[in-house]
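Reader: I would like to learn how to read helices, strands and sheets in a model. Could you take me through some cases, with the general idea before each one?

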Amino acid sequence: MPPTLASLVQHSALKLIVRAGEDRLDTPVRWAHVSELADPVPYMEGGELLLTTALTLDAEDLEAMRRYVRRLLGAGVVGLGFAVGVNYEEIPPALLDAAREEHLPLLEVPRRTPFLAISKAVSAAISADQYRAVTAGFEAQRELTRAALAEGPEAVVARLAAHVDGWAALYDASGAVVAVSPEWAARRAARLTPDVERLRERPAPASAVVGGTDDRVELQSLGTGRRVRGALAVGTGAPLGTAERYAVHSAIALLTLTTERSRSLQAAEQRLGAAVLRLMLAGQPEPARAVAGDLYGGLLDAPYRLLVAEAAGGEPAGEPPLPVLAEALEAAAARAGEAVLTVAESGQRLVVLAGDGGAVVAACEGYAEREAEEAGVVVGLSAPAAPSAAAAAAAAYKQAEQALSVARRRGRALVEHEDLAAGSVLPLLADDAVRAFADGMLRALREHDATGRGDLVASLRAWLSRHGQWDAAAADLGVHRHTLRYRMRRVEEILGRSLDDPDVRMELWLALKATGEDER
């Protein structure tokens, strides 16, 4: 602890006597300063023990002393040392009364105690306190280093919480809590996720202080580059002291090294995973399993899904969207203890293979709902693929691409291939190219009808809707069936195509659907 007024009073060599402010002797003393000025306030920084002989003071004027004492308190002076036997044989009653009224600690300094001795005592105590803090900081650094080498990040967090007499929590890049100590702080740490996310948006290194005086939390970013790789939260009931600050800085350095080392290992695993995924897409599942080994083998032996993501176009603000999505999915996999395979294709496309029904697929769907559209990402998700089929991955990739294409056309952030099969094909016709094809196919029939020589488009619609049943279609139109037969022959002549061909009938019906002619 730094020196206090109480410790100076207890110093046997100084012989100081307390005359006022006995209830404030536990106040720390930052320095001892000698001044005979009537107004020494401009030269004060706060926290000083002011020493004086009252050479220039009107120490017997009560109002003058009240103003003097109030100025000292306003400047943050923690105590006044008055030397007796120099200008005054004893402390003047006016000064004594003013100090008592304002509860300013007033210490009587005997003539045989020089001010220099008090200054030396304060300086020695401050130096001793700093030495203790540095020694304790180095000891904390050694203990944290041993914990990091022997047990990992969780042990570093636990040791740090003990050193600061509070709590500590480690967050990953997504803002999720990785480790916390003590256990009771888990809920408090989880509530700080929004603050960690805001810290992540700032270039590393970054820090922030949140909470109040009773629950003060310091947040520190982790990472050696500009991008935040994690965060450390330290919660205490008061600002950190020197020794605690040493411990926090040591923990930040160790956790940053651990994070960067983990990212290096993760990068190597990702390269291996990318090679496995490329083998799967090439239709070589057995070589892929041989390369995957125990690391990814379990993922390939259960139903999985493929997702394909692309940038939606334009230049989104902030970081490129695909790396952000990849990091979010990898963080979800890490939290759930799942394996995931990712391949970034020329920075324009992200391909991910993940377990069906797992945390990665759920995280992708959640990301699409919350952030993908704003971040400029479009995602296509395949149906579950059976791991036993040799071409399962290639088929799933094609499904994901198809879903991605539909997502682009519909302006949606994510489309699942299963949704396409469960719905109707008609929404897929809402495409400019399809409409252009339909308009071109029906144009000649419309031009014929415009001359008033018949109603071929309506007749074609009625005949197709009745599956080629002449009597039913003619009844719908209110014409004789021979008239309808004549019109259908004219349709064939104008189009140059036979209505006996099922492909022609299908194309004509879809053309009617795409142009809305089927509803007229």
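This is a predicted model: local features need pLDDT of at least 70, side-chain atom pairs count only at pLDDT 80 or more; totals for chains, interfaces and linings use all residues.

Reader: At what angle do H15 and helix H17 pack, and how far apart are their axes?

Author: Two packed helices are described by the angle between their axes and by the distance between those axes. Here H15 (residues 456-465) packs with H17 (residues 481-495) at an angle of about 110 degrees, and their axes are 10 Å apart. Because angles from 65 to 115 degrees count as roughly perpendicular, H15 is roughly perpendicular to H17. On the H15 side, Leu-456, Ser-459, Leu-460 and Trp-463 meet Leu-484, Arg-487, Met-488, Arg-490, Val-491 and Ile-494 of H17. By class, this contact of H15 with H17 has seven nonpolar, one polar and two charged residues.

Reader: Turning to strands, which residues of strand E4 lie on one side and which on the other?

Author: In a regular strand, the side chains alternate between the two faces of the sheet. In E4, Gly-79, Gly-81 and Ala-83 are on one side, Leu-80 and Phe-82 are on the other, and all of these are buried, so that both faces are covered. Since five of the five residues of E4 (residues 79-83) are buried, the strand is largely enclosed by the rest of the structure.

Reader: Which strands pair with E4, and in what sense, parallel or antiparallel?

Author: Strands of a sheet pair through backbone hydrogen bonds, in either a parallel or an antiparallel sense. E4 pairs with strand E3 (residues 48-52) in the parallel sense over four bridges, and Thr-52 has Phe-82 as its bridge partner in E4. Four bridges also join E4 to strand E5 (residues 106-109), again running parallel, with Gly-81 opposite Leu-107. A right-handed β-α-β unit is made by E3, helix H2 (residues 62-74) and E4, and another right-handed β-α-β unit by E4, helix H3 (residues 93-102) and E5.

Reader: What is the order of the strands in the open sheet of five strands?

Author: That order is E7-E6-E10-E9-E8, with antiparallel pairing. Strands E7 (177-181) and E8 (207-210) stand at the edges with a single partner strand each, so one side of each is left without a neighbour in the sheet.

Note on methods
Residues are numbered from 1 along each chain as its sequence is written. Side-chain values use heavy atoms; hydrogens and water are left out. Axes are lines fitted to C-alpha atoms, for helices over the stretch in contact, and angles run from 0 to 180 degrees between N-to-C directions. Helices (H or I, at least four residues) and strands (E, at least two) are DSSP runs, numbered from the N terminus. Angles under 35 degrees count as roughly parallel, over 145 as roughly antiparallel, 65 to 115 as roughly perpendicular and the rest as oblique. Contact means heavy atoms within 4.5 Å. Ala, Val, Leu, Ile, Met, Phe, Trp, Tyr, Cys and Pro count as nonpolar, Asp, Glu, Lys and Arg as charged, and the others, Gly among them, as polar. Buried means under 20% relative accessible area, exposed over 50%, partly exposed in between (1.4 Å probe, protein chains only). Two strands pair if DSSP finds at least two bridges between them. A crossover is right-handed if, with the strands pointing away from the viewer, the path from the first strand over the helix to the second runs clockwise.
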